[in-house]
Amino acid sequence: MKRILMIVTCSLMFGFVQTTYAGPLDEAKAKAHLQAVADANLDAVMRDYTDDAYLDWVGGPLDGRYRGKAAIADVWKKFFANNSGKPRPAKFGKPEAYTNPKGTSVETPAEYGGEHPVKAWHVLTYRDGSLVTEIWQIAPAIQVSP
């Protein structure tokens with residue numbers, strides 16, 4: 001028993017056990033965030049952003065860097081309007097989370113249907129449970145496998 005306790009303690013000290021980080025919580029938040037985008041639910045989309053968060057949208061008509069909640073909310077309003085404000089059918093790939101004590105980044109591919117379908121690669125970075133950085137890379141050739 002003493003030996004097991006020592007192994008676990010050493011593993012924690014050297015960072016071999018990643019369950020001490022908030023990765024799974026942030027991964028769940030990322031999934032909920034992207035589903036809120038598909039649902040065209042602005043309040044839910046904006047919920048986890050910090051006041052000084054930024055969104056990098058790479059490609060397409062919304063291409064640009066947006067900083068702060070007000071600018072990011074305007075982008076989402078335009079994205080939702082591009083589908084008449086209606087929810088979009090969405091297909092998400094398996095998310096991959098990369099975690100360390102400073103934060104978690106979650107990446108996943110996605111396909112959004114609707115009037116103007118969009119395929120994108122997403123990276124969402126969380127620090128202390130809040131969304132600080134989001135990248136939307138428009139990726140027309142991306143293949144999404146759940």
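**Exercise 1.** Which residue in β2 is the bridge partner of Asp56?

*Solution.* Keep in mind that this is a predicted model. Start with the strands: β1 covers residues 49–58, and β2 covers residues 64–67. They run antiparallel and are joined by 4 bridges. Now go to Asp56: its bridge partner in β2 is Arg65.

**Exercise 2.** Do β1 and β7 run parallel or antiparallel?

*Solution.* Find β7 at residues 130–138. Its pairing with β1 is parallel, with 6 bridges joining the two strands. For one example, take Val58, whose bridge partner in β7 is Gln137.

**Exercise 3.** Which residues have the most contacts inside the largest nonpolar core?

*Solution.* This core has 30 residues, and the ones to pick out are Trp57, Trp76, Phe79 and Trp136. Next, see who contributes: the elements supplying at least two residues each include α2, β1, β5 and β7. The most comes from α4, which gives 6 residues. Finally, zoom in on Trp76: leaving aside neighbours within four places in sequence, its contacts include His33, Leu55, Trp57 and Trp136.

**Exercise 4.** Is Pro146 buried or exposed?

*Solution.* Look in the segment after β7 to find Pro146. Its relative accessible area is 81%, and exposed means over 50%, so Pro146 is exposed. Now check the surroundings: Pro146 and Phe92 are 54 residues apart in sequence, yet 6.2 Å apart in space, C-alpha to C-alpha. Not counting residues up to four places away in sequence, Pro146 touches Lys91, Phe92, Gly93 and Lys94.

Key. Residues are numbered from 1 along each chain as its sequence is written. This is a predicted model: local features need pLDDT of at least 70, side-chain atom pairs count only at pLDDT 80 or more; totals for chains, interfaces and linings use all residues. Side-chain values use heavy atoms; hydrogens and water are left out. Two strands pair if DSSP finds at least two bridges between them. Buried means under 20% relative accessible area, exposed over 50%, partly exposed in between (1.4 Å probe, protein chains only). Contact means heavy atoms within 4.5 Å. A nonpolar core is a set of buried Ala, Val, Leu, Ile, Met, Phe, Trp, Tyr and Cys residues joined through side-chain atoms within 4.5 Å.
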